[in-house]
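Reader: I have a sequence and its model on my screen. Could you walk me through them?

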Amino acid sequence: KQIILITERNIRVKGDKKERETHLQVGRTVKPIEEPFIVGNLLMQYPKDTSFGTSSSEIVNCRCTIRYF
């Protein structure tokens with residue numbers, strides 16, 4: 001049996017020109033699993049993450065997804 005370790009991830013944006021500029025800037029950025037993304041001037045581990053106190057301006061109606069690899 002093979003063990004697969006997930007060590008990185010990236011945020012994926014929809015690409016339909018309705019995204020926030022801050023989300024486009026972080027889109028497709030690859031980060032180690034333990035390092036947060038910087039969205040605007042806020043930290044997030046994944047889309048809609050509020051664990052760092054992210055404001056609603058970055059999470060309401062967010063359609064971003066995350067991919068682990």
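Author: Gladly! Helices (H or I, at least four residues) and strands (E, at least two) are DSSP runs, numbered from the N terminus. This is a predicted model, where local features need pLDDT of at least 70, side-chain atom pairs count only at pLDDT 80 or more, and totals for chains, interfaces and linings use all residues. Residues are numbered from 1 along each chain as its sequence is written, and side-chain values use heavy atoms, with hydrogens and water left out.

Reader: Which pattern does the protein chain follow along the sequence?

Author: The protein chain holds two helices and five strands. Read in sequence order, they give β-α-β-β-β-α-β.

Reader: Is Tyr-68 buried, partly exposed or exposed?

Author: Tyr-68 sits in strand β5 (residues 65–68). Buried means under 20% relative accessible area, exposed over 50%, and partly exposed in between (1.4 Å probe, protein chains only). Because its relative accessibility is 41%, Tyr-68 counts as partly exposed.

Reader: Which residues is Val-26 in contact with, leaving aside neighbours within four places in sequence?

Author: Contact means heavy atoms within 4.5 Å. With those sequence neighbours set aside, the partners of Val-26 are Ile-11, Phe-37, Ile-38 and Val-39.
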